[in-house]
Amino acid sequence: MKIETIAIHAGNHTDASSKAVIQPIVMSTTFVRDEDGEFSSGYSYSRAANPNRTSLENVLAQLESGVEAAAFSSGNAAGMSVFQSLEPGTHIICPDDMYHGLRNQLKMLFAGILEFDFIDVNDSDVLNAHIKPNTGVIWIETPSNPLLKITDIKKVVSIARGRNIKVVCDNTFATPLCQQAIALGADIVMHSSTKYFGGHSDLMGGVLITAEKNDWWQKIRDIQTMGGAIPSPMDCYYLVRSIKTLPYRVRGHVHNAQLLAEFLESHPHVESVMYPGLSSHPQHEIAKVQMSGFGAMLSFTLKGGEEEAKKVVNSVKIFARATSLGGVESLIEHRASVEGPDTKTPFNLLRVSVGLEHIDDLIGDLTQAMA
């Protein structure tokens, strides 16, 4: 099936009793045993499995061309389950501009348990130099948040494979519509399903998709079940519903983002634009090879410094001044303020999640805000 068909059908199970076209929400926390004590339905307790979560995991696995998915209550919970699955003392290599929520997890929750380095994973010499005998995972995030760096997935995988190191790819910014990380060699793909999968800024979720069902994946599954950081049946239902329109929403987001990036690049007040769809992007050629679309996130810096950036954020009328991304509405934020005192983000940078409003209105809003 093509990805549009997968999005509509892979997360739906026709109810046997009512014949309802759309799968109902199963809110029950527990399920009846058979007379012999078994569970022929496959469900015993909703922390372990629930029909709505099964449907969500099925469609997510197929969208990313993986063999299985594990859904969590948030993207951070999904990422943390990877860290929890590693043996104490394992070394992780991470990008130097890793999403600050997961970066802070490592620094604040796993310090002394795991080892980690934040480096430029795009530099093969630097990457090779940081690999240790106990390196177990290379974590990549492409495009990255908020600098929109592109990592050559195949190149990182080729370095990792020779040393029996796993590669985990945060694919949130790209979505499976723009990038198939498992097909490029990643062992596990992560998403904050709060973002484009949800698509309407009204629910939270996270997911891991694996290329292979192995002992490591089983350990992650055990953490999901035992830890219980799972999405509710209601959240699973709404995620499945939103995913049905994901391919068409993403195309609209990407279309608007390209046009907005081109407008910003030509604006006299703009210092630089970070968007992989622009030929000026340092990794544009890599993006052209490994992405089928350039995503809908962009960042730009302003010539007037931090003061000018904050003035623009406070002058928009259509863009919402808010964190997060992937919703139908456009968002803008002064990213360094969000990330805190140890941020590596330039203070004149604004991050934009490009929504589905008419592009003329979005350009007009930024025009008046920068006037």
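Visitor: In which loop is the place of N164?

Guide: This is a predicted model. N164 is not a glycine, although its phi is positive, at about 60°. The place of N164 is in the loop between α6 and β5 (166-170).

Visitor: Is N164 buried or exposed?

Guide: The relative accessible area of N164 is 67%. Exposed means over 50%, so N164 with its 67% is exposed.

Visitor: Is L148, which has a positive phi, buried or exposed?

Guide: L148 is a residue other than glycine with phi near 55°, and it is found in the loop between β4 and α6. Its relative accessible area is 1%. Because buried means under 20%, L148 is buried.

Visitor: Which residue does a cis peptide bond join to T142?

Guide: The omega of this bond is about -5°.

Visitor: What is omega for the peptide bond from N145 to P146?

Guide: P146 lies in the loop between β4 and α6. The bond from N145 to P146 is cis. Its omega is near 10°.

Visitor: Which residues make the nonpolar surface patch of about 280 Å²?

Guide: One of them, M234, has its place in helix α9 (residues 233-243). M234 has a relative accessible area of 33% and is partly exposed; patch residues need over 30%, so M234 can count. The patch is made by M27, M234 and Y238.

Notes:
Residues are numbered from 1 along each chain as its sequence is written. This is a predicted model: local features need pLDDT of at least 70, side-chain atom pairs count only at pLDDT 80 or more; totals for chains, interfaces and linings use all residues. Side-chain values use heavy atoms; hydrogens and water are left out. Patches are made of residues with over 30% relative accessible area and no salt bridge: like charges are joined within 9 Å, nonpolar side chains (Val, Leu, Ile, Met, Phe, Trp, Tyr) within 5 Å. Accessible areas come from the Shrake-Rupley method with a 1.4 Å probe; for residues, only the protein chains shown count as cover. A salt bridge is a side-chain nitrogen of Lys or Arg within 4 Å of a carboxyl oxygen of Asp or Glu. Helices (H or I, at least four residues) and strands (E, at least two) are DSSP runs, numbered from the N terminus. Buried means under 20% relative accessible area, exposed over 50%, partly exposed in between (1.4 Å probe, protein chains only).
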